[in-house]
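Here are my notes on the model, point by point. Please read them with the coordinates open.

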Amino acid sequence: FGSADQKLFVQADGKGTEFSKGFCVKAFSRDLTVATATGVAHNGAGFKPGAIVIVGTIQNSVHCSIGFSDFTTHISLSSYDTGLWSFNGSAEVLVAYNDATNLQTLTTLVATADGFTGVWTKTNSPTGTFSYAVFFLR
């Protein structure tokens, strides 16, 4: 049996069950100067997530982004240009803004057995490092 803080889940391959907390938090970062990249792995969850919450910022800036995804629906809320906020209810899960025209976006998420992959798309010439935490939910 599992411990008191665990629940019984079906394994990602569907061939058995396992006890798990059902969530995991991991930290990641993205150098905003690098080119657009597909299939960027965000691993370490220890299970195939059913949903994620992501919160990130460019250090020492007013820019912040919060994203939600169940791998079908993606929603983000992001700050840019002197504290203005943008709500996006389509493909963008995260938006790392330097300003309204220099940014990177995280889209096209695919759940994997240990986390997810996504596409980071660079627009113009963003700078800095975007640090973010991912809350994986089973």
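1. Start with a serine pair. The side chains of S65 and S78 are joined by a polar contact of 2.9 Å. A polar contact is a pair of N or O atoms within 3.5 Å; within protein, one must be able to donate a hydrogen and the other to accept it, and residues adjacent in sequence count only if both atoms are side-chain atoms.

2. Some ground rules. This is a predicted model, where local features need pLDDT of at least 70, side-chain atom pairs count only at pLDDT 80 or more, and totals for chains, interfaces and linings use all residues. Residues are numbered from 1 along each chain as its sequence is written, and side-chain values use heavy atoms, with hydrogens and water left out.

3. More on S65. This serine sits in strand β6, residues 64-69. S65 counts as buried because its relative accessibility is 0%. The cut-offs are under 20% relative accessible area for buried, over 50% for exposed, and partly exposed in between (1.4 Å probe, protein chains only). A polar atom of the S65 side chain also lies 3.1 Å from the backbone nitrogen of V95. Setting aside neighbours within four places in sequence, S65 is in contact with I54, V55, G56, L77, S78, L94, V95 and F130. Contact here means heavy atoms within 4.5 Å.

4. Overall make-up. The chain has twelve strands and zero helices. Both are DSSP runs, numbered from the N terminus: helices are H or I with at least four residues, strands are E with at least two. Of the 138 residues in the chain, 36% are buried. Among contacts with a separation of 6 or more, 51% come from residues 24 or more positions apart. The accessible surface of the chain is about 7,100 Å², and 56% of that belongs to carbon and sulfur atoms. These areas come from the Shrake-Rupley method with a 1.4 Å probe; for residues, only the protein chains shown count as cover.

5. The six-stranded sheet. Six strands form an open sheet with antiparallel pairing, in the order β3-β12-β5-β6-β7-β8. Its edge strands are β3 (23-31) and β8 (84-88), each pairing on one side only. Neighbouring strands of this sheet are turned by 15 degrees against each other on average, direction ignored. Axes are lines fitted to C-alpha atoms, for helices over the stretch in contact, and angles run from 0 to 180 degrees between N-to-C directions. Two strands pair if DSSP finds at least two bridges between them.

6. Strand β7 (residues 74-80) pairs with β8 in the antiparallel sense over five bridges. S78 has S86 as its bridge partner in β8. F87 also lies in β8. Is F87 buried or exposed? F87 counts as exposed, because its relative accessibility is 60%. Its C-alpha is 5.9 Å from that of S76, eleven residues away in sequence. Beyond neighbours within four places in sequence, F87 is in contact with I75, S76 and L77.

7. The four-stranded sheet. Here the order is β4-β11-β10-β9, again an open sheet with antiparallel pairing. The edge strands are β4 (37-43) and β9 (94-97), and each pairs on one side only. On average, neighbouring strands of this sheet are turned by 30 degrees against each other, direction ignored. Five bridges join β4 to β11 (residues 115-123), antiparallel. V40 stands opposite G118 in β11.

8. The hairpin. β9 and β10 form a hairpin, with five residues between them. Four bridges pair β9 with β10 (residues 103-112) in the antiparallel sense. Y97 stands opposite L103 in β10. Which way do the residues of β9 point? L94 and A96 point one way, V95 and Y97 the other, and all are buried.

9. T107. This threonine is found in β10. T107 counts as buried because its relative accessibility is 12%. Its side chain makes a polar contact of 3.3 Å with the side chain of T108. Neighbours within four places aside, T107 is in contact with A91, E92, G118, V119 and T121.

10. Cysteines. The structure holds zero disulfides, a disulfide being a pair of cysteine sulfur atoms within 2.5 Å. C24 is buried, with a relative accessible area of 14%. C64 is partly exposed, at 22%.
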